[in-house]
Amino acid sequence: MNLPIPQTFHFCPQCGAAANAIGKNPFRCSACQYTFHFGPTVAVGGIVTDAQGRVLLLRRARDPGKGKWGLPGGFVDSGETGEMALIREIKEEVRLNVESFQYLTSYTNSYEYRGLVIPVVDLFYTCQIVDLDALEAEPSEVQSTSFCDLGPEHLENMAFESNRLALQTFLESRA
C-alpha cells in the first residue's frame, strides 16, 4: 500500500544541503549521501472480552472517527514496546489493568488527522483483564463503552479498517 509520506526533509539533517527530491522515501542527500527511511508509526489495539465472550468496543470521543466504534489502544510512544503501550493505553482509556495478553495479528492503517495522512502498522492483542468491574471510560477519549456480540452493525461502523479486520480475524480464530 503506497501512502503519502507525511514527513519530508527540505534540507539534509546531516550536512544541511538543500534536498533535490522532496517527498521521496527514502530521503537521499546528493551532497553527503546521507539516507533516511520514513517508516510507519506503530499503534496497538486490545481485544477484551467478558465472561460471555462479548467484545469491549469504545465509542470514540474525538476525531478521527468521532462517534464510531474502536478498540482500546493507541500509538506506541518512543521507548515503549507494543506490549507496554497496550497496557498503558488500556489503563488510560478505560481504567482496566491487563493481566495477560496474546498477540493476534497486525494490519496497516491510515490515520488521517487535520488533513495529514500518517501510515500506521497496528498490532492487535487479545487481553485478559484483572477486574472488568473497574471499567471506566476516560471522557476525553471515549464517549461510551459496550460489551457487544459483534455483528455487521458494529463491524461496519468501526473508526478504522484495521480494527474491523482484526475483529474479523478474532472471530475466525474462535470459530
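Author: Read along the sequence, the protein chain follows the pattern β-β-β-β-β-β-α-β-β-β-α-α. Helices (H or I, at least four residues) and strands (E, at least two) are DSSP runs, numbered from the N terminus. The model is predicted: local features need pLDDT of at least 70 and side-chain atom pairs count only at pLDDT 80 or more, while totals for chains, interfaces and linings use all residues. Residues are numbered from 1 along each chain as its sequence is written, and side-chain values use heavy atoms, with hydrogens and water left out.

Reader: How many helices and strands does the protein chain have?

Author: There are 3 helices and 9 strands in the protein chain. Its C-alpha trace spans about 60 × 35 × 30 Å along the principal axes.

Reader: How is a sheet read, and in what order do the strands of the open sheet lie?

Author: Two strands pair if DSSP finds at least two bridges between them. Here 3 strands form an open sheet in the order 5-4-9, with antiparallel pairing. Strand 5 (69-70) and strand 9 are the edge strands, each pairing on one side only. Strand 4 and strand 5 are joined by 2 bridges, and Leu58 has Gly70 in strand 5 as its bridge partner.

Reader: What is meant by a nonpolar core, and which residues touch the most other members of the largest one?

Author: A nonpolar core is a set of buried Ala, Val, Leu, Ile, Met, Phe, Trp, Tyr and Cys residues joined through side-chain atoms within 4.5 Å. Buried means under 20% relative accessible area, exposed over 50%, and partly exposed in between (1.4 Å probe, protein chains only). The largest core has 17 residues, of which Val44, Val48, Leu56, Ile90, Cys127 and Ile129 touch the most other members. At least two residues of this core come from each of strand 3 (41-48), strand 4 (55-60), helix 1, strand 8 (116-129) and strand 9 (142-148). A second, separate core of 13 residues includes Val55, Leu150, Leu155 and Leu167.

Reader: With which residues is Val44 in contact, leaving aside its neighbours within four places in sequence?

Author: Contact means heavy atoms within 4.5 Å. Among the residues in contact with Val44 are Pro72, Gly73, Val76, Leu86 and Tyr125.

Reader: Why does Glu92 count as partly exposed?

Author: Glu92 counts as partly exposed because its relative accessibility is 34%. Glu92 lies in helix 1 (residues 82-94). Its C-alpha atom is separated by 9.0 Å from that of Gly73, 19 residues apart along the chain.
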